[in-house]
Amino acid sequence: MRAMSEWMWYLTRSTGIVAAVLAVASLVWGFTFSARNTGRRLKANWWLALHNWLGGLTLGFTGAHMLLAFLDTQAGLRFIDLFVPSGQVGWAIGWGVVAFWVFAVVTLTSIARVRRRLPRKAWHLVHLVSVPAVLVMAIHAYQIGSDALARWFLWGLAGLAGLAIYPLSVRLLGVAASRRAAASSTRLPARQRAAA
Ligand code: HEM
Ligand code: HEM
């Protein structure tokens, strides 16, 4: 029996780690595509298609992780604890639940048939909630993970944060540049008028 629960423990951890890596990869691919920083070797569409797959897989592995955590009797989770954070099980798990709901909503609203019915701005706003959700997911992994104090785990988390920061910065610089360009193009007619 003990061997069985050890297996569940390993599987819970490994699916959690894979889900976390996939979530960060989705973020990196998403920002790289949106910033049009995809280079010339591969088409922008390749980045988007892979992003969509990575996002879907994140939710898949999160589901498996949750199911395994539930089946692992040592973890002592009730079915409702998978979906509702509570003081009884604590926020270390609660953060994971919050991240799960955000990933679920982000993925479901991105299914082509649903997305077509949503205004672009609303879809985008919902989609961007995935960025803080990745942070919340990292807090969950750090607070609950059995490996959280292991050096490889901390280096892994730091490495993932580092990987995410580069495309995020490129995207933010791109947004700032296009805002500046838009502002100066609206000023242009006024300046031209003054010169006339
Ligand atoms: C864990 C799941 C996901 C995360 C963390 C995520 C994250 C992101 C991020 C950070 C961006 C860049 C947004 C921006 O800079 O404006 C993005 C863009 C995008 N994502 Fe996701 N995403 C996820 C799942 C999905 C799924 C499942 C789909 C589709 C089935 C999808 C479709 C898109 C599309 C179409 C864009 C491009 C938006 C644009 O620039 O026009 N995402 N995503
Ligand atoms: C996006 C959502 C989630 C991600 C990416 C995620 C990821 C992780 C990671 C990376 C770990 C650390 C594994 C280790 O120690 O090496 C972990 C542990 C754990 N997670 Fe999650 N998690 C998520 C949501 C949830 C949810 C919703 C639950 C249950 C309600 C949950 C239950 C657990 C449990 C019980 C552990 C401890 C496993 C152990 O070390 O004994 N997680 N998770």
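**Exercise 1. State which helices each supply at least two residues of the shell around ligand 1, and which gives the most.**

Solution. Step one: list the helices. α1, α2, α3 and α6 each supply at least two residues of this shell. Helices here are DSSP runs (H or I, at least four residues), numbered from the N terminus. A residue is near a molecule if its C-beta atom, placed from the backbone, lies within 6 Å of it. The model is predicted: local features need pLDDT of at least 70, side-chain atom pairs count only at pLDDT 80 or more, and totals for chains, interfaces and linings use all residues. Residues are numbered from 1 along each chain as its sequence is written, while chains are lettered from A and ligands numbered from 1 in the order in which they are written.

Step two: find the main contributor. α1 gives the most, with 7 residues.

Step three: name the nearest residues. Of the 22 residues around ligand 1, Gly 30, Ser 34, Gly 55, Ser 110 and Ser 130 come nearest.

Step four: sort by class. The shell around ligand 1 has 9 nonpolar, 12 polar and 1 charged residues. Ala, Val, Leu, Ile, Met, Phe, Trp, Tyr, Cys and Pro count as nonpolar, Asp, Glu, Lys and Arg as charged, and the others, Gly among them, as polar.

**Exercise 2. Describe the shell around ligand 2 by nearest residues, helices and classes.**

Solution. Start with the nearest residues. Of 29 residues around ligand 2, these are Gly 16, Gly 96, Ala 141, Gly 145 and Ser 146. Two or more shell residues come from each of α1 (2-34), α2 (44-71), α3 (91-110) and α6 (130-144). α1 has the largest share, 8 residues. By class, the shell around ligand 2 holds 18 nonpolar, 8 polar and 3 charged residues.

**Exercise 3. Check the spans of α2 and α3 against expectation, then list their buried residues.**

Solution. The expected span is 1.5 Å times one less than the number of residues. α2 has 28 residues and reaches 41 Å from its first C-alpha to its last, close to the expected 40 Å.

Now burial. A residue is buried if 20 or more other C-beta atoms lie within 10 Å of its own, exposed if 12 or fewer, and partly exposed in between. In α2, the buried residues include Trp 47, His 51, Gly 55, Phe 61 and His 65. In α3, they include Trp 95, Gly 96, Phe 100 and Phe 103.

**Exercise 4. Classify the packing of α3 against α2, α6 and α5.**

Solution. Two packed helices are described by the angle between their axes and the distance between the axes. Axes are lines fitted to C-alpha atoms, for helices over the stretch in contact, and angles run from 0 to 180 degrees between N-to-C directions. Angles under 35 degrees count as roughly parallel, over 145 as roughly antiparallel, 65 to 115 as roughly perpendicular and the rest as oblique.

- α2 and α3 pack at about 140 degrees, with axes 10 Å apart. α2 is therefore oblique to α3.
- α3 and α6 pack at about 150 degrees, with axes 8 Å apart. α3 is therefore roughly antiparallel to α6.
- The axes of α3 and α5 (residues 120-128) come within 9 Å and cross at roughly 150 degrees. α3 is therefore roughly antiparallel to α5.

**Exercise 5. Decide whether Met 137 is buried or exposed.**

Solution. Locate Met 137 in α6. Then count: 25 C-beta neighbours lie inside 10 Å, so Met 137 is buried.
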